[in-house]
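Here are a few notes to go with your first look at this structure. Keep the view open beside you and take the points in turn.

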Amino acid sequence: MKRDCRPNRAVWMWRSAIIGTTALCGLALAGGVSADQPVRAAVLDRSDQRVVATAPVPPEPRIQIAKHKYDRPTLTIPVGTTVTWVNKDEDVHTVVSTTLIFRSPGLETDEGYSYRFTKPGVYQYFCTLHPLMTGKVIVK
Amino acid sequence: MNDDMTADRDSQSPQVPGGDGVDRRGFLQCMAWAGTGLVWAAGGGVFSSRILSQASASERGASDFSFVQISDTHIGFKGEANKDALGTFEQALARITALDPAPAFIIHTGDITHAQKAGAFDIVAEGLKGTKIDRAIYVPGENDVFADGGKEYLGRFGGPSGRGWQSFDYKGVHFIGLINVLNFKAGGLGNLGADQLDWLKKDVEGLGSSTPIVVFAHVPLWAVYPKWGWVTDDGGQALSFLRRFGSVTVLNGHIHQIMQKVEGNISFHTALSTAFPQPAPGVGAGPGPVKVPAEELRGVLGVRAVNYVQGKSRLAIVDSTLA
């Protein structure tokens, strides 16, 4: 339903670059553990190493705007997360908080807008050109 | 496109019982109408362009006149659906300039600009002046007001009151321009608001019921397809002030395609864009610019001439594509 396959629709150019998030894999531990250190410390070090290696910094969430919809109309994130909205429509859209805490300019095709959520709460937003388009970000 | 709107349908004007565009019953009827593409009626006075062109200037009465509706010029649009929206706008201007007899004025039913692009208002205003038609009247679309709450638009076109809604009389016809794209609320629809409705009620209060009325606004005042926002939330209230009049013509833009409906004495018409087409209501996942093969684009863009002939109950609507 979300994907419209009619042949006469514009084929969107996915020009926007995918921002990869590089995992920081324990470079701080590159010095290793010397043989004369207590065993306990070495275990702790290995433990730290494992945690760092398997929990890379999560990619910042992205919400695509397509066919007059935010593709993740409800998004739950931890405090301090930056959310990016990217418009894939040829219509102009906006991302505007109902309390005006954040307010994007008009987003053209492939243009994006980011906002960092620094306080817990529920943030409702909508498109000021097409007010039936609504979404919310839940910050915990 | 307009060949099927021939005068032989004059006698066929099915009415929509109870359909005021906002109640549930009317809503469902409009949905059915939009979904099936069924044309309920092409009312009296809707002629094909061939028939109209045969009525030359010499046959016109002194009180007869025509005007032009242009809509959704979206100057600044550069999407795949039309890489040259400025070029197709200029083609539309050439069509308007070539009209004979010359129209009395031009009505622009909004989305003048695409996202309030810098300089776009100037391009359109200068373009319309270039047709040598003395007067252009505007109402805004959402693209013209969203970025600054209408500040620039109202500064240019808002009139002495700065509110933007307006009425004027021309050769016995009362024209009303309404704004239904300001103060959008999350989850809401196009709306006129209490102040504008109060003004409208007072504006028509003193008019005789035989006065022909033309109402123009960007978003359709009737329920074309509420699911896509193709409706004005309080449009039914506005229409309730107009039902006593014998001839009401409602001209809208926004949906970039021609649709017509007749409800009693009120006829509704949406217009083509000069920039790009949009899907038929409910076709596909949502509204928005549709890319058609390049050779077909001009066949889905256009302008509209509206002809008033004194004594005729309905105005003749003539849509012409740029093909």
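1. What percentage of the 323 residues of chain B count as buried? The figure is 50%. Please bear in mind from the outset that this is a predicted model. Chain B is built from eight helices and 11 strands. Take the contacts within chain B that join residues at least 6 apart in sequence: 73% of them link residues at least 24 apart.

2. A word on confidence. The model has an ipTM of 0.80 and a pTM of 0.77. For chain B the average pLDDT is 84, and 81% of its residues reach at least 70. Even so, where pLDDT is low, predicted coordinates should not be read in detail.

3. Next, find helix α7 of chain B, residues 194–205. Which residues of α7(B) are buried? They are B:Gln196, B:Leu200 and B:Val204. These three cover an arc of only 55° around the axis, which means that they lie on the same side of α7(B). That buried side packs against β5 (173–177) and α8 (235–240) of chain B. Turned away from it is a face with the exposed residues B:Ala194, B:Asp195, B:Asp198, B:Lys202 and B:Glu205.

4. Strand β10 of chain B, residues 302–308, is worth a stop too. Six of its seven residues are buried, so the rest of the structure largely encloses this strand. Which strands does β10(B) pair with? One partner is β1 (residues 65–70) of chain B, joined in the antiparallel sense over five bridges; here B:Asn307 of β10(B) is the bridge partner of B:Ser66. Another is β11 (residues 316–321) of chain B, also antiparallel, over six bridges. In that pairing B:Ala305 has B:Val318 of β11(B) as its bridge partner.

5. Over in chain A, look for an open sheet of four strands in the order β2-β1-β4-β6, with mixed pairing. The edges are β2 (69–70) and β6 (112–116); each has a single partner strand, so one side of each is left without a neighbour in the sheet. Strand β4 (residues 82–87) of chain A pairs with β6(A) in the antiparallel sense over five bridges, and A:Val83 sits opposite A:Tyr115 of β6(A).

6. Stay with that sheet for β1(A), residues 62–66. In a regular strand, side chains alternate between the two faces of the sheet. The covered face of β1(A) holds A:Ile63 and A:Ile65, while A:Arg62, A:Gln64 and A:Ala66 make up the uncovered one. β1(A) runs parallel to β4(A), with four bridges, and antiparallel to β2(A), with two. A:Ile65 has a place in both pairings: A:Asn87 is its bridge partner in β4(A), and A:Tyr70 stands opposite it in β2(A). Two residues separate the strands of the β1(A) and β2(A) hairpin, where A:Lys67 takes a positive phi near 50°.

7. Finally, how do the two chains meet? In the model, 28 residues of chain A are in contact with 24 residues of chain B. The chain A side of this contact comprises eight nonpolar, 10 polar and 10 charged residues.

Note on methods
Residues are numbered from 1 along each chain as its sequence is written. Chains are lettered from A and ligands numbered from 1 in the order in which they are written. This is a predicted model: local features need pLDDT of at least 70, side-chain atom pairs count only at pLDDT 80 or more; totals for chains, interfaces and linings use all residues. The expected span of a helix is 1.5 Å times one less than its number of residues. A residue is buried if 20 or more other C-beta atoms lie within 10 Å of its own, exposed if 12 or fewer, and partly exposed in between; C-beta atoms are placed from the backbone. The arc is that of the directions from the helix axis to the C-beta atoms. Two residues are in contact if their C-beta atoms, placed from the backbone, lie within 7 Å. Ala, Val, Leu, Ile, Met, Phe, Trp, Tyr, Cys and Pro count as nonpolar, Asp, Glu, Lys and Arg as charged, and the others, Gly among them, as polar. pLDDT is the predictor's confidence in each residue, from 0 to 100. Two strands pair if DSSP finds at least two bridges between them.
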